[in-house]
Every structure is written in C-alpha cells, then in structure tokens.
Amino acid sequence: MYSIRIRLIVLFIVMTTSILAAFGIYAQGLLSRELELRFEQLQKETVTRLTISLPRPLWDLSPASAQRILSAEILPEEVRGILVVDSDGERFASVQKNSNKQITNQWTVIQGIHVTLPLYRDTDASNSTSKSTRLGEVRVYFSREYIDAALSANIWRRTLEILVIDSILLLAFTFSLRMVFTPLAQLRDALFALSRHDSDEAEELAETQLSEFSEVIQGFNQTQRKLKRIMGRRRQAEEANKQAYTDLQAAQASLLQSEKMACLGSLVAGVAHEINTPVGIVLTSASVLSDATSQLKNAMSDGAIRKSSVMLYIETAEQTSQLIMSNAERAATLIQSFKQVAVDQTSELRREYKLKEYIDEVISSLHPALKQNDAQVTVNCPAEIVLEGYPGAMAQVITNLTMNALAHAFTPEKQGQIVISAEQNGELVNMSFKDNGKGISQEHISKIFDPFFTTKRGQGGTGLGLNIVFNIINKQFGGSITVQSPPSEGTRFILQFPSVSPQTTPDQP
Ligand SMILES: Nc1ncnc2c1ncn2[C@@H]1O[C@H](COP(=O)(O)OP(=O)(O)OP(=O)(O)O)[C@@H](O)[C@H]1O
Ligand SMILES: [Mg+2]
C-alpha cells in the first residue's frame, strides 16, 4: 500500500520536472538557432571585410597594415586565426588567438572551420572590362567552441533551475501536506482507538485552527458522543435484560416447584381416596367383629350360650378378620406404592422400574380427578417392560398428559376415554397417550410445547405442563415427543425414548 502523500509528491515533482524540461528543450533549440545564425553572419561579415580591406596592404607590400587589419578582425570570440599569403604562397601576415606560434604559410591546421578566399585587385578601374590581379589568399579559422560552451552552459543552468524549483516544491509540498495529513492521522488513530476500545475509553479529539478540519473533528466528536450515549443506553438495556432474565428464571423455578406440588397434591388426593375404601372395610369389619364379640360375651354371661351362636361368631370372626387382613394389606400396599411415587416425584432418583406397574400406580393416584370428570383410562402395556431411569419424571409426564385431557379435551356431553399404550421396540420404547376429546386447533398446535402457552389463562392454567413434559422427554429421557390432532379425532401424543435413560445429570425439568 503506497501512501497518498508520497504519491502526490512524486506526481507533482514529475509533472513540474517534465514541464520545465520541455520548456528548457524548447529554449535550448531557440538559443542554438540564434547562435548558429550569428555564427554564419559573423563568418560572412569577417570574410567580406577582409577581402575588401586586405588587397591594398598586399599591393602596397605593407605587412604591418595588414597585421593591423587582422588584429581588429580577430577580436570576436568565434575567430581563432587569420592567415594571409601573397601570390607566391608566402606568409604575408597572420594572427592567432591563444598561441605564440605564428601560422606558417603551410596552412597550419587550426582546429575549427576555415574559409579560404583569393584576394584580387582591379588593375584598371576606368575600363569596364577591367582585369583583376590575384594578389594572394586569406584564410580565416572560425571556432564553434564558443557556441558549444554557450549551449552546454545553458543546459547546466536549466538543470540547476529544475533542481532548485523541485527542491522548493518538495519542501513546500511536504510542509503543506503535513498540514493536511497530521490531522488526518490523528483522526485515523482516534477511529482505530474507538473501534478497539469501548467508546467510553476513547478520548475526544482536540479542535484545530484549520477550519475544514475543525468541522471534521467536530463531526467526529459529535459522532463519538452519540455513540457513547447509545452504548450507555445499550448497557442499561443489557442490565435490565439480565435482571429480567434472572427474574424469569426465578419465576420459572418457582412455577416448576408449584407444578411439582400440584402433582403431589393430586397424589395425596389419590392416596386419600384409594386408602379410604380398604380402611372403611377394615373399620366396618372391625365393628361387625366387635358387635359379634359383645353379643357372644353377653350370651356367655347370661349362661344362655348355644353351640350355633358360637359357630356363627366363629364364622363372622373368620370372615371379618379375613376382610380386615386383606384390606389392611391392600392399604399397606397402596401406601407403599404411593410412598414410592411421592419419593420419586420429590427426588430425581434413578432406578429400575416396571412401566405398566408404574403407570397403574400413577393413574390410581389420579382416580378422584378421573371420577369427578367421569373419564376412563385404559392402559395397554406389556407387564415386562422395564425401564432404567427417573420414575418421578415419568409420573410427571403421565400426570400432566392425563390432567391435560381432563382440563382441555373432554366436554360434559361425551364420556372421556384415555388410552395409554406402550411397546418395546429394541432399545426404544414407544408410548402413546390418546384421548377422544375435542382436539387442538391448527392455530394452537405448533405452540403447545412453548413455555407459558395456555388457552386457560386466568382459569388455573400456567402453560408450563407440556413444556415440562417436552423437556423431560427430550433432555432427561433422551427421546422425542410429537402431537397429532386430526379434526374431531381427539389428541394423540407420541413419545419415543430409550428404555435406559442417558446417564447425564438430568436438567431440572
Ligand atoms: N389433550 C388435550 N386436548 C386439547 N388441548 C390440549 C390438550 N393438551 C394440551 N392442550 C392445549 O395445550 C395448551 C398447553 O398445555 P399445557 O399443559 O402446557 O398448559 P395448561 O394445561 O394450559 O396449563 P398447566 O398445565 O400449566 O396448568 C393447553 O392450554 C391446551 O389448550
Ligand atoms: Mg397442563
């Protein structure tokens, strides 16, 4: 990634250098043309003057005056030397720049361009067909060194100019870009800091004197303040959410507890009802036995005892003691099994239990409620199915599903029927709870397992029953529960779970 600052500087330097170089090349061309023209002009003028002025000294055989003419003509920079020879080819006069050596008539070679011209003198000026006499020759040596030096000096000057202008531009640019990039870098650092830290920890930017940046910084600070406010509100909302969640959990736990207590309540009612009958029979039998014993005792004390009375008493005593024994045993068995269900419901004990026996026990605990609603329960379950798991949770499932049928399914017009079926299928147990009630509407069926969904709000329904059942079957039993309720065919809950529940610590259902 290239920095914008370097790119800008390089761009401007290259542009300036190119423009200045183009102008320099153009100016160099102009200068070169001008110097060349001057050079040509000088050559022409010098040669013309010499061809006019030299014939006379040659004619007069005055090398001194020729020498004077040459001294004047050698003055321009471009003229390096001049040699005049007479008609015999002997050196008549010569002049040379920067050298003590005289040019000989051997046409000593001087570096540069030389022009050789013959020198004539008209012998008869009055005659139109005048004759010219050849007096000698003049050779002028011109040098281009001056032009080349001027041109190369111009190149150096231009190059120096470009270098100086580039340096000034570089400095000016670096300084002015710093004015732009320093606040930008601050802004960038502040943005990174904002993204890394919480907005509370990020510092606000100090305002600058530069109006454009001061607006940007003001905007940034305003955004940051707004972000702080939003974050603050979000944090408050999070806190409130956390609190609400904790409250909800507490409420759910207490509702679960009440649900358990409600189950236990129905169990207690069942116990009372079931035990009432055998205890009643025991009481009646005991009172019959007591009456018979009193009668026998009275007869004995009156001395009017007969064998038939004794036989009748023995028969009565046999029957009543039989009744007392069997009903007391029945009551003891009932108490024992209810005790087990109660213990199971209040603890999360894992143990082996027979499914059919357990369903029967739970259903008999629900007897008063069933009787009150005139509902019948049929259990189709092979006696040999043995489960290893949590019987207390199973009691909750059976109680909830049965009580739901009583609370929501049945109407007074029709006798309620509940059929609980179970079968073992390899490692799995399939159970079904079916009632012949009014069913669940399509609108509600997708929500019945949701916590707090109830159609009996305000009439004792909390909407937790089926959610508890769902959690027990899924989490504690490692199985699944589905519901079917085709119109006017009642409701069927289908449960599938392994006969051995997973060993994981069960969640609170
Ligand atoms: N057998 C059923 N027949 C018809 N509707 C049912 C049946 N079982 C459940 N429902 C419907 O599902 C809803 C949710 O049942 P759930 O057991 O979760 O709550 P609830 O019985 O209303 O209240 P709670 O069980 O907490 O006292 C019920 O309100 C009822 O509308
Ligand atoms: Mg319920």
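Let me start with helix α1, residues 4–53, and helix α4, residues 145–196, whose axes come within 9 Å and cross at roughly 160°, in what is a predicted model. Helices here are DSSP runs of H or I of at least four residues, numbered from the N terminus, and axes are lines fitted to C-alpha atoms, for helices over the stretch in contact, with angles running from 0 to 180 degrees between N-to-C directions. The two helices are therefore roughly antiparallel to each other, a term kept for angles over 145 degrees. The crossing of α1 past α4 is right-handed, that is, the near helix is turned clockwise from the far one by less than a right angle. In their contact there are 23 nonpolar, seven polar and six charged residues, where Asp, Glu, Lys and Arg count as charged, Ala, Val, Leu, Ile, Met, Phe, Trp, Tyr, Cys and Pro as nonpolar, and the others, Gly among them, as polar.

Turning to the record, an unreviewed UniProt entry places a transmembrane region at residues 6–27, with the caution that such annotations may be inferred rather than shown by experiment. In the model that span is 100% helix and 0% strand, with its end C-alpha atoms 31 Å apart. The unreviewed entry also gives a coiled-coil region at residues 220–254, and this stretch is likewise 100% helix, with 50 Å between its end C-alpha atoms.

Now to ligand 1, which is surrounded by 20 residues, the closest being Asn404, His408, Thr454, Thr455 and Thr462, where near means a heavy atom within 4 Å.

As for conventions, residues are numbered from 1 along each chain as written, and chains are lettered from A and ligands numbered from 1 in the order written. Local features need pLDDT of at least 70 and side-chain atom pairs 80 or more, while totals for chains, interfaces and linings use all residues, and side-chain values use heavy atoms, without hydrogens and water.

Note on methods: Parallel < 35°, antiparallel > 145°, perpendicular 65-115°, else oblique.
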